Structure formats: C-alpha cells, structure tokens
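Please read them with the structure open beside you.

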Amino acid sequence: MSDTTDTGPVLAADGTPLKRSLSRALRRQKMRALMLIAPLLLFVLLTFIVPIGQMLFRSVENDIVSRTLPNTVIALQDWDADSGQIPDEAIFTALAIDMQAAAEAKIHTRVGSRLNYEKPGISSLFRKAGRKAKKWDLENDGPYQEKFIKIAKGWGDPEVWRTIQTYSSKYTAGYFLNAADLQNGTEGPEWRPENEQIYITLFKRTLFMSMMITVSCIILAYPVAWILANLPSRSANLLMILVLLPFWTSLLVRTSAWKVMLQQQGVINDTLVWLGLVADDARLVMINNQFGTIVAMTHILLPFMILPMYSVMQTIQPTYLRAAKSLGATNWTAFWRVYFPQSIPGIGAGSILVFILAIGYYITPELVGGTKGVFISNRIAFHISSSLNWGLAAALGSILLVVVLILYWAYDKIVGIDNVKLG
Amino acid sequence: MNLTKTLMATTALGFAAGAVAAEDMANEMTIVSWGGAYSASQLNAYHKPYSENTGVTIINDESSAEAVAKIRAMNEAGNVTWDVVDVVASDAMRLCDEGLAEELDHDAVLAAAPDGTSASDDFGDLLVSDCFVPQIVYSTTFGYRTDMVGDTAPTTVCDIFDTTKYPGKRSLQKRPIDNVEWALYCDGVAKDELYDVLSTPEGVDRALAKLDTIKNDVVWWTAGAETPQLLADGEVVMGSTYNGRLFSAIAEQNQPIGMLWDMQSFDLDGWIIPAGLSPERKARALDYLKFATDTQRLADQAKYISYGPARKSSAPLVGKHETLGIDMAPHMPTDPANASNVHIYDYEWWADNRDDLDAKFQAWLAK
C-alpha cells in the first residue's frame, strides 16, 4: 500500500490521472443515459407537465379585466368603493372608450362572463352595453354616465363597480377563495353565505369515501390475492383471468350493471323480497347514495389492489410459514407475525394506486352517487365542461393536488415509501 | 401561449405528411351533434341530401355534450377542426358571449320561407342569439307510469309535488333550470312573475324549500336516457326528460308510459359556426346551414324524431313517422293540444344567474 501512495496519483493506461479518467467515463455514461431517456423526458415535459402547469396557472390568472378595460381600470384606481357613490363621468367615459374597442373586437362579453362569476348580472350589463357602444361617436355622444344607466340600471349600482375594481388586478386569489367557500368581502376574505358553501364538504367527502373504498378494497382483495399466490400456477392463471376480466369491460357497462343490481326494482331487492327477507313496500335503498358509490367503485378498482398484492405475495417463501409453525407458532401467529408483515409492501402499493384513482373518479359517482355520493371531481368536471369557469376548476384541481401530495408525504412518514413494492 | 403554438406547429408538421395524401380535404366538413336517434334524424334529413347535391363528405362527430369546452380549447390552441356544431340555445349564447361562435346576419345567410317571408320573421322569437340558428323546439316535460298512478292520471305539473296522491319516486334533472320554476309555480307564483321572484334571495329559498318537500323522493338524472329507463324499470312513478325520449319509449318500445305536457319547458336546439374558420370553410359551413335550415328540411327532420321544427312555415309540412307511419303532429311539443300551458324559460336571466343559482342548488343537494 505504501508503495503506491508514494508514486503520486494513480494513472490510467493513457497517462491521465485515473480519477479524472474515471469521472470522464462516468460523465459520458450519464450523458448517454440522458440521451436515451431524452425522448421520453421531452414527451412527458411537453404533453404532461407544461399543459398541467398552464391549467393550474389559470387559477390565479386574471389579466382579462385589465387587458379588456385598460382605461377604466386606471380611472377606477382613485374611486372609493365605500363611499356608496357611483363613479363620476370621467370613469364612465373611460368605460365607453374601452367598451367600444372591446365590442368591436367582440371580447366585451368575455370579460362580462368573467365578472359574472363574482357578481350575477354583470354578464348581461356588458352584453347590452356592448351592443349600443359599437354605434357611439365617442367625441360627441357624452355624457356617458346617463347613457350607461339608461341601457341597464345595473351600471348605476356601486357594487358592480366595486366588483370591477376588486378584480382589476392581473392576478387574483378569488378562485382559490371560492374553492374554499370564501369570498372577497369589504374587510378581506369572509365565509360565503351558508346556502352557497359546498366545496369544503365535498373535499371532506371525497377524502372520506376514497378511504372507505381503499379499505374495502384491501379487505376484499387480500384473501383473493392470497389464494392466487398459493394455488398451482395453472388454476391461478384461470382465476387471474377472472380478476382481469372487468378490465376489458367498459367502465360505463360495469357501472350500469350495478344500477341493475342495486336499484329498488333490481336483482338484489327482487331476490330479497322473493325470499321474504324484505317486505315489498320496504325495499332497500342501495343506490343513488354513498353506499352505491362505494360498492360500484370498490368493484371497479379492485384489480388495482389485487395485482400488486398478488405479485408481492408470490415472492413470499412458503418455507417461512412452515418454519414458524415448526417452531411452535399457531396458525394465527404464523400469519400475523411472519406472513402479514412481508405482504405489507403489496398493500401499500395497492392502497396508493386505489386511493389516488378513487380521488379523481367522477363518472361512476355521477351515475350512482345521487346527491350524497358525488365527489369534488364532479364539480371540477362541471366547471370545465359546463360552466366554463376554468379558473375555479383549476383552483379546485390545485387544492386536490396539494392534498394528495400532503397525504403522500404523510404516508411516507408513517409507512415509508421504500415499503411499497409492485412485486 | 407561445409554447402552445410551437407545440401545435410541431404536431401540425407531423400530420402534414398525412394531410398531403388527403387532397380532397377541402371537400370534407365535420358536423358535431348529440348522437343517437337525434343524429340519425339529421343524417337522414340534412346530411344525405346535402352530400348528394354537393359532393361534400360530412363527418359526424358526437361531442355536443362537451362542445362548449372543446370549442374554447380549440380556439385557444388556434386550431378549430369543427365546421358546424349543434348546441342548445343557452350554450349558443355562452359561446357567443365568449366570442367563440360566428355572429350571423340571419336574413342574409338563411333561406327565406317558400312564401317569401324573411328568415328572421319565419324563426321569429326563437332567434335568441346573434350566433344561433334554431333547428328544433324540444321540451323538458314529464312522463308517468300509466299502471302505477291508480285511476287518476296526473294532469298538472304540481302532481309531481303531491306525494300523498302519487307516492313513489320521481326523477328530476340534476340542475336548477326548470326545477326551480316548476317549484315556484306550484308554490303559487304566477307564471309571468317567476323570474321576478327568483331574482330575490328569498325567492330562491322559497323554490328550494318547495323542492325540499319531495327531496327524499327524487332520483336526480344527468343523461336524457335515464328517466325512460327508470320509468321502464318501475323505479320511478313519474319523471322529467326530453319529450323525444318519452316518444320513443311510448311509440317505439310500447312502454306503459303517459305524457304529462302541462308546464312543459320549451327549449331550443340549433346550429352555430365556431369562430376562427378559414374563409373557404366558413363559406361552406354557411352553405350547409342555408340548406339544412330551409323550410322543407326542418319539416323532414320531424319524420324521424318528435321535435318541432323551429320555422313557422315548416309546421304545416310535418307528416308521418318514416317507419311507424303514425302522424307526428300530435307528438310535437308545439302541437296546440300539448302546448296549452307551457313554460318558456328566460335565456337572458339564466345566462346572468346560472352560476349563482347552480352554487346554491348544489349546496342544497349536498345538504
């Protein structure tokens, strides 16, 4: 050893120090690896991360007001909303200029729809005013205060102007406040009226029901996975097909099948009545409520629990159980102390899969959930496709994403993410 | 936004190779509609004759249910692939408000009636938006199980709220529109005051309180096919849905279902042209619209489905069902016998208040 240290740094065959040569080779290797995954990385970046980022950004973006009504926004800066007075002629003139430009570009109603989310009625104010403003001769047609109020009384309502002023900044917390059942009051955020509060309830319900679904999946999947793992491979394969079969059936078909099973004139109720267990006029209500959603979704997500459990259980040597028993353990002790701990990684992987899939489901809850069994994702879908309030949808989506990340972090702290195996 | 454009450009490049092969692309147009029996009626009444006359190939896309969101996304990406889109009137207004649909000069682009009446007079009040060309009048109304209502069939919409006379479940659409109006009407509000009352917070509470009396007896639906199915299964005694769905359950499938036309809620369905089409495509879309919404074509559609044509001049031309051979006129929501007491919903009011009412309605549902 001492001989080599005396001769200075170790050299590679070409005379460069070995350390540098090695690190160069390593770097080249890393570059090559990076080049190999580059297509995938680019693909994921462009088709996944960028669009999602853009969508989430909408939850705070609000430049439509200042872009469409630039003069009005500046003129409104000095107006005191608490005075209870409507703005003066100068502000109305600014609005007339903006309105005409916007109406010619056909974007005046767009800002109207945006502000209508905050105060109902503004949408038609902009629609009506825009129609007239196109024909105005801006120099000579004043005064505009009168004109606007003549078009629609709403323009004389200070609350309308307060809304424009409040939402004139480029970024807004408004969507996030709305997503948490809050609103911008005169003194900062305040609760919405009780008959409009819904999102917090839905978030809680989504989490609660997703957990219920995950737990019922664990309970049902564990014995199935155990049988699959312990049968000879020929019969295991046959059973495996039964597990996978639902995967090849359309989601809508499976959900509708549950309707046929669970409804009051359905198969289960008919059978119970026929057996005399339930009176004909007291048929069980098993659908259009939380129960229906949990049953249907447990069935649909079950394979996602069985498969990881199965592949983990397959790797557990049966000799361990035999060894435990030969050392005097009862069946239960052998299972609980030896087998079960080894199967936990499968439960962990399955639970994460099922929980995350459940939290974003909306088709099944929409069809079988009635009023008490719908998820927050149903509202997100509604705001994306029906009400077009994409800002609110993005805010709800962001909150859901953060909640999932927090749960993931908690899971890592409690169970440990290293303890998750897919096989 | 720039990044999106670059993305679109690269994708477009990728597809360019394929596009070259499809040289007669110029002779294709994509028409979006609702699917099912409704699309079939359009195929027979409009698309087939139009293709035969002009040689244009029509591609049918069945995405009307999410058309508003998709048109917005296409518009933002600067790549509108649809030429003509079938939407309900309230969606047409929404698209028009957002600048996502072309504004049309109805008299200039649509055919006049055979007797020379201008298009705008022929359609009359149904031209609810500058972007919208009405096609049919449909209604949301009630059907009931004839064998489950005893000897007295329901005659008024308020029987929906009478659970002692008609025990059992009823199905209603999971949205505030129509339901709150029916609730107030049955709570004693005069028909012409419905929206005045609904404009006050107390009015909304009153409507929801009325709905509260049957809340436990309601199955809420989101797809038009649900109520006919629920009625056929005997899950509900009565329920609301589109009149065409009930017609097909009664006339085509012989289910024991009766129609309750009282206070049926009229609504319109029709065409829009998405904004941002190239001049050639827009010209072709307009040419199609002119053909597909003329008097004879609208009357033809009624041979296949029981929705009333939107032109006054088409009404006398409505004939018999193409395969069943029954007279279609008595099954139209616009037939005088059916339309003695109708509810006409206020598009402007709902455009303003839809989001607010929806929030309250959903909060009420979740309670």
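1. Which way do B:Arg170, B:Leu172, B:Ser171 and B:Gln173 point from strand β5 of chain B, and are they buried or exposed? In this predicted model, B:Arg170 and B:Leu172 point one way from the strand, which covers residues 170-173, while B:Ser171 and B:Gln173 point the other way, and all are buried.

2. Strand β5 of chain B has two parallel partners that deserve a look. To strand β6 of chain B (residues 218-221), β5(B) is joined by 4 bridges, with the two strands running parallel, and within this pairing B:Leu172 has B:Trp220 as its bridge partner. To strand β7 of chain B (residues 238-242), β5(B) is joined by 2 bridges, again in parallel, and here the bridge partner of B:Arg170 is B:Met238.

3. Turning to chain B as a whole, it contains 14 helices and 10 strands. Its radius of gyration is 22 Å, close to the 21 Å that the globule rule gives for 367 residues, so chain B is as compact as a globular protein of that length. The C-alpha trace spans about 70 × 50 × 40 Å along its principal axes.

4. Of the 367 residues in chain B, 47% are buried. Where contacts in chain B join residues at least 6 apart in sequence, 72% of them are between residues at least 24 apart.

5. For chain A, the domain assignment gives domain 1 (2-57), domain 2 (64-172) and domain 3 (199-419). The centres of domain 1 and domain 2 of chain A, taken over C-alpha atoms, are separated by 57 Å.

How values were computed:
Residues numbered from 1 in each chain as written. Chains lettered and ligands numbered in written order. Predicted model: local features only at pLDDT ≥ 70, side-chain atom pairs only at ≥ 80, totals over all residues. Rg over C-alpha atoms; globule rule 2.2 N^0.38 Å. Buried ≥ 20, exposed ≤ 12 C-beta atoms within 10 Å, placed from the backbone. Contact = placed C-beta atoms within 7 Å. Domains from an automatic or database assignment. Pairing = 2+ DSSP bridges.
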